[in-house]
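Me: I would like to learn how to read the packing of helices in a model, one feature at a time. Could we go through it together?

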Amino acid sequence: MRRTALGLAAVAALGWPLVAPKYLVFLGTLVAVNAVVAIGLNLLSGYTNQLSFGHAGFLAIGAYVAALVTLQVPALPVPLTLLVAGLATALVGLALGIPCLRLEGLYLAMATLAFGFVVTEAITNLDWLTRGNDGLRVPLARLGPWTLDTDAARYYLAVAVAAAMILAALNVAATRTGRAFLAIRTSEIAAQASGINAAAYKTIAFVLSAFYTGVAGGLFAFVVGFLSPDAFDVFLSVDFLVMIILGGLGSVLGSVAGAAIVTVLNDSLAGFQAFRPLIFGAIMIICMLFMPGGLAAMTRRKS
Amino acid sequence: MTGAALAHVVVSGLATGCIYALVALSLVIVYNATRTLNFAQGEMLMVSAFVAWSAQRAAGLPLLLAFACGVAAGGVLAYVVERVVIRRALSATHWDVLIITLGLSLMLRAGAGMVWTNDELPFPSLFSNRPVSFGPVKIAPVSLGIIGASLVLMLALVMLFRATRFGRAMRAVAQNQNAARLMGISVERVYSGAWVLAAVVGAVGGVLFAPVTFLSTKMGLIAINGFTAAVLGGFGSMPGAVVGGMLLGVIENLAPLYLPTGIRYSVPFLVMIAILLARPRGLFGRVERRKV
């Protein structure tokens with residue numbers, strides 16, 4: 001049952017550019033990118049209960065690193081560029097995660113919020129490197145002899161990366177590390193009493209989450225083709241939170257579903273900008289009041 | 001920089017700091033009663049300021065009365081929000097309530113944009129903007145007005161918490177909810193009361209602040225500075241919130257004189273990160289013990 005569903009999803013994902021119009025292929029690419037961010041955020045917030053309001057900052061770092069690396073070394077194959085973007089962001093995640101071990105709950109949320117603001121301000125002010133508010137044009141991604149210059153090519157790149165990241169996250173969730181994450185989420189002190197090194201696992205979650213978001217940032221750079229700091233404001237971080245709240249905290253596939261719904265909703269509301277936050281705010285409140293655990297909890301069998 | 005010019009910068013910093021202090025106080029009042037952070041506090045004071053603007057513009061009320069309308073509207077809004085939304089989530093974790101208030105802040109901001117406008121509006125002030133000379137020092141009356149009004153309000157809060165039954169009930173709930181309930185205090189009533197009181201304090205900050213910047217739906221972002229101020233003083237401590245607010249206002253006004261202009265807008269955030277990393281309990285905070 002689960003296997004056939006996954007198979008159908010894979011076929012649908014692969015066939016999408018063949019049947020869908022160009023714009024919807026682009027939208028599908030965005031869904032894949034956002035799914036990777038949502039999983040990354042969920043590993044941190046859903047699995048270890050460390051609320052982050054600053055993931056747009058991680059995304060920005062990944063995107064700018066990928067763009068700048070490609071500008072310097074145009075021939076670098078895309079997977080390597082994405083890896084560099086992910087690792088650079090993971091390093092920032094480590095640098096932020098270790099001091100943040102001392103913080104929890106709303107303190108951590110506010111520290112990450114401040115981190116997000118500082119990142120965009122830094123991008124604006126380091127204009128010799130990032131071109132600041134003028135924005136940075138991202139060169140086309142290269143993979144050996146191919147240049148990924150069509151929407152379909154970028155779609156397949158994003159979907160392939162997303163699929164690999166989803167599988168990896170599912171595996172992480174099923175291991176000792178994943179169980180340790182969930183134990184920390186339920187009760188940090190009880191987890192520690194059971195011999196789980198909470199500080200180490202919380203740091204791992206931070207680094208892993210930053211890595212995912214950095215890779216997604218690299219994809220985002222190639223997909224959108226143009227970066228400017230105002231694209232990474234705090235409201236983007238809030239969008240990511242809506243994705244995992246709707247999809248389900250502590251669920252990998254829920255994150256994907258949440259990312260898909262929020263991305264499509266975001267796009268269909270493009271003509272009604274004023275209503276967008278109204279609807280997203282309502283989703284957050286309704287999920288918290290009436291369906292904690294999000295979509296993932298609704299599909300889970302009751303035992 | 002001469003001493004007189006420095007004094008001018010410090011006084012206007014103190015004025016901004018008073019607003020931060022009021023916002024910080026409103027966050028702390030809700031936090032002490034319900035142990036949650038109200039993310040929508042900034043948007044609630046923004047709505048109050050818009051109501052005051054409408055009362056003065058559309059209804060033609062005198063300025064002071066319009067301000068009172070705005071503040072009262074803030075209180076009513078807080079009461080409704082607490083009863084309709086927050087009360088349902090009382091048993092939920094604080095995490096959940098934080099997300100709910102975040103959702104609320106998005107909705108209030110979007111709603112205000114629809115009802116009023118997303119543009120920036122000039123806001124009438126009680127005090128003049130033209131500097132008055134005190135010897136060599138030039139000071140804008142609006143700064144003194146803000147400082148004076150804030151101090152009066154803070155004094156009123158001290159009286160409320162020290163000398164009234166409701167204030168004592170709030171302090172009891174902040175200390176120990178179960179014990180307070182056993183002593184016959186209605187904890188639910190304290191929750192509503194805290195939300196309303198916080199909204200009123202925030203709204204006064206809002207109508208004082210709106211003339212200095214502009215009236216806009218973005219005004220709610222001041223809550224971030226309010227939070228920084230509260231953390232600076234030690235989150236949960238009311239005197240800490242006041243001192244933290246003043247300190248943040250002065251730092252923010254002095255920083256551009258000594259630092260490159262680029263980091264000017266990051267100052268509150270850098271202060272927040274610095275204080276969270278170096279001393280999360282702030283200047284006057286206590287360490288709270290966690291329980292399983």
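Reply: Let us begin with a pair of helices: H2(A) and H10(A) are roughly antiparallel to each other, a term for angles over 145 degrees, whereas angles under 35 count as roughly parallel, 65 to 115 as roughly perpendicular and the rest as oblique. This is a predicted model, in which local features need pLDDT of at least 70 and side-chain atom pairs count only at pLDDT 80 or more, while totals for chains, interfaces and linings use all residues. Residues are numbered from 1 along each chain as its sequence is written, and chains are lettered from A and ligands numbered from 1 in the order in which they are written.

Me: At what angle do H2(A) and H10(A) pack, and how far apart are their axes?

Reply: Two packed helices are described by the angle between their axes and the distance between the axes. Here helix H2 (residues 22-48) and helix H10 (residues 198-224), both of chain A, have axes 9 Å apart and an angle of about 170°; axes are lines fitted to C-alpha atoms, for helices over the stretch in contact, and angles run from 0 to 180 degrees between N-to-C directions. Helices themselves are DSSP runs (H or I, at least four residues), numbered from the N terminus.

Me: How do the axes of H11(A) and H12(A) cross?

Reply: They come within 7 Å and cross at roughly 125°, H12(A) being the helix of residues 252-268. That makes H11(A) oblique to H12(A).

Me: Which residues of H11(A) make the contact with H12(A)?

Reply: Two residues are in contact if their C-beta atoms, placed from the backbone, lie within 7 Å. On the H11(A) side the contact is made by Asp239(A), Val242(A), Met243(A), Ile244(A), Leu246(A) and Gly247(A), and on the H12(A) side the residues include Gly254(A), Ala257(A) and Asn266(A).

Me: How many residues of chain A are in contact with chain B?

Reply: In chain A, 31 residues are in contact with 34 residues of chain B. H5(A) gives the most to that side of chain A, with ten residues.

Terms used. Helix = DSSP H or I, 4+ residues; strand = E, 2+ residues; numbered from the N terminus.
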